[in-house]
Amino acid sequence: MTDFQASLSHVANPRVLGASAYPGQLEKILNREQCDLALDEISGWPGYAVTPQYELTQLADAIGVEKIWYKDESRRFQLKSFKALGGAYAVLRLLQDLVREDKGVSPSLADLQSGRFADCVADVVVSCATDGNHGRSVAWGCQMCGCRCIIYIHRDVSVARQQAMEAFGAEVIRIDGNYDDSVRLADEEAQKHGRVIVSDTSYPGYMEIPRNVMIGYTVILSEAVVQMQGQIPTHVFIQAGVGGLAAAVCAFFWERFGEQRPRFIVVEPERANCLQASVRAGEPVAVEGDLETLMAGLSCGEVSALAWPVLDQGAHDFMTLGEDAVAPCMRLLSRQDPPIEAGESAVAGLATALAAGSDPALAAQLGFDRESRIFVIGTEGATDPELYQRLVAA
């Protein structure tokens with residue numbers, strides 16, 4: 001590979017705080033104590049294992065940088081996605097709080113799985129809207145902890161992803177609308193029927209559960225910094241839907257590395273660029289209309305209220321990626337040694353980094369040089385196996 005082509009757009013953030021300490025007001029959103037607590041909890045779950053982190057040496061050489069680290073979430077539990085860490089962790093924290101209020105004790109996951117507190121949790125109904133992977137995590141968390149689950153999906157979610165949620169015991173309701181429509185309906189129905197929303201997006205009056213989702217994601221980063229063996233990335237390219245993962249990554253590295261933190265680049269699909277539109281406007285704005293994208297997990301038109309203050313102050317650049325780069329990047333990873341399984345949404349950060357590095361003017365704008373160390377997260381594997389095979393074989 002010497003020249004990776006893609007349609008890109010780039011907006012530099014005029015409000016980024018640059019080389020500064022992590023702001024005190026952001027510690028309420030995410031701090032080290034919360035991250036350590038999540039790592040301690042999740043690392044004790046059955047089936048936990050640190051996911052691989054690869055150095056893509058040939059790709060780094062091709063764009064003239066020192067390193068590209070690729071954190072591979074295709075092997076995260078049996079869910080094949082980073083989302084396994086967020087939704088399930090938030091479900092656990094929710095049920096721990098409910099039992100604590102009722103019984104005065106905080107149960108472990110093993111306590112809940114044993115049925116010891118079934119009288120507190122069996123009638124709880126957890127609900128959410130999803131593009132697929134978050135709902136799978138919520139359904140898995142509900143199955144592990146012994147409560148019910150109802151999930152809303154929009155018209156563009158694949159049947160395979162629907163069936164994966166149903167396999168964990170969830171009732172799945174498909175609507176004739178987009179992701180944001182499904183979010184609104186799930187919220188309305190939850191209020192009507194007394195369900196608890198466990199969402200990866202937040203809005204005024206609904207912050208605590210999405211915060212726990214974000215905190216669960218930081219397990220990825222706690223692992224990654226150990227795998228980097230004392231080195232610090234100079235650049236992070238992270239894909240975004242509503243911005244929860246992006247904000248978690250940004251906050252974690254900012255809090256951890258302070259003035260040495262990496263340059264932070266948020267990547268979205270061209271057709272669902274609510275964060276880029278918001279940074280242009282200087283405030284959160286919604287992107288409406290047809291949000292359909294091959295990067296299905298990023299098909300979101302409204303910014304998470306919890307993520308916005310972190311990214312508004314902490315992200316240096318906001319970029320979009322065209323659809324035509326997705327399958328070639330998936331194929332490129334499938335042909336690495338060892339092969340890397342990367343789903344459609346997994347490759348947005350890497351594809352953007354490779355395309356930017358192949359464009360001398362853009363590479364200069366982003367500060368690429370021979371000492372640059374780029375960190376990306378491959379957020380999912382083949383969560384829709386049939387579509388994955390079709391794309392990598394093309």
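The legends below describe close-up views of a predicted model. Residues are numbered from 1 along each chain as its sequence is written, and side-chain values rest on heavy atoms, with hydrogens and water left out. Because the model is predicted, local features need pLDDT of at least 70 and side-chain atom pairs count only at pLDDT 80 or more, whereas totals for chains, interfaces and linings use all residues.

**Figure 1. Packing of helix α14 against helix α17.** Helix α14 (residues 326-334) and helix α17 (residues 385-393) pack at an angle of about 85°, and their axes are 8 Å apart. α14 is therefore roughly perpendicular to α17 (angles under 35 degrees count as roughly parallel, over 145 as roughly antiparallel, 65 to 115 as roughly perpendicular and the rest as oblique). Axes are lines fitted to C-alpha atoms, for helices over the stretch in contact, and angles run from 0 to 180 degrees between N-to-C directions. Helices (H or I, at least four residues) and strands (E, at least two) are DSSP runs, numbered from the N terminus. From α14, Ala327, Met330, Arg331 and Ser334 meet Tyr388, Leu391 and Val392 of α17, where contact means heavy atoms within 4.5 Å. This contact has five nonpolar, one polar and one charged residues; Ala, Val, Leu, Ile, Met, Phe, Trp, Tyr, Cys and Pro count as nonpolar, Asp, Glu, Lys and Arg as charged, and the others, Gly among them, as polar.

Figure 2. Seven of the nine residues of α14 are buried, so α14 is largely enclosed by the rest of the structure (buried means under 20% relative accessible area, exposed over 50% and partly exposed in between, with a 1.4 Å probe and protein chains only). The buried residues of α14 are Val326, Ala327, Cys329, Met330, Arg331, Leu332 and Leu333. Their cover includes α2 (57-63), β3 (67-72), α15 and α17. In helix α15 (residues 348-357), ten of ten residues are buried, among them Leu350, Thr352 and Leu354. The loop between α14 and α15 contains Pro338, which is joined to Asp337 by a cis peptide bond with omega of about 5°.

Figure 3. Three cavities of 30 Å³ or more are found in a search of the whole structure. On a 1 Å grid over the protein atoms alone, a cavity is a set of points where a 1.4 Å probe fits but cannot get out, and lining residues have an atom within 4 Å of a point. Grid points are joined across faces, edges and corners, and a volume is the space filled by probe spheres set on the points. The largest cavity holds about 280 Å³ of space. It is lined by 25 residues, of which Phe82, Lys83, Asp200, Gly297 and Leu298 are the closest to its centre. Two or more lining residues come from each of β4 (125-130), α6 (133-145) and α11 (244-257), and α11 supplies the largest share, three residues. By class, the lining divides into ten nonpolar, eleven polar and four charged residues.

**Figure 4. The second largest cavity.** About 40 Å³ of space lies in this cavity. Its lining consists of Cys128, Ala129, Val183, Ala186, Asp187, Ile197, Ser199 and Tyr203. Six lining residues are nonpolar, one is polar and one is charged.

**Figure 5. Crossing of helices α1 and α3.** The axes of helix α1 (residues 32-42) and helix α3 (residues 87-103) cross at roughly 95° and come within 12 Å; α1 and α3 are therefore roughly perpendicular to each other. Leu37, Ala38, Glu41 and Ile42 of α1 meet Tyr89, Leu92, Arg93 and Gln96 of α3. The contact comprises five nonpolar, one polar and two charged residues.

Figure 6. Phi of Phe77 is near 50°, a positive value in a residue other than glycine, and Lys80 has a positive phi of about 60°. Phe77 counts as buried at 13% relative accessibility, whereas Lys80, at 27%, counts as partly exposed.

**Figure 7. Surroundings of Ile232.** Ile232 is placed in the loop between α10 (219-227) and β8 (235-239) and is buried, with a relative accessible area of 16%. Neighbours within four places in sequence aside, Ile232 is in contact with Trp69, Phe257, Gln260 and Arg373. Ile232 and Phe375 are 143 residues apart in sequence and 9.2 Å apart in space, C-alpha to C-alpha.

Note on methods: 1 Å grid on protein atoms, 1.4 Å probe; cavity = no way out; pocket = protein on both sides within 12 Å on 5 of 7 lines; lining within 4 Å.
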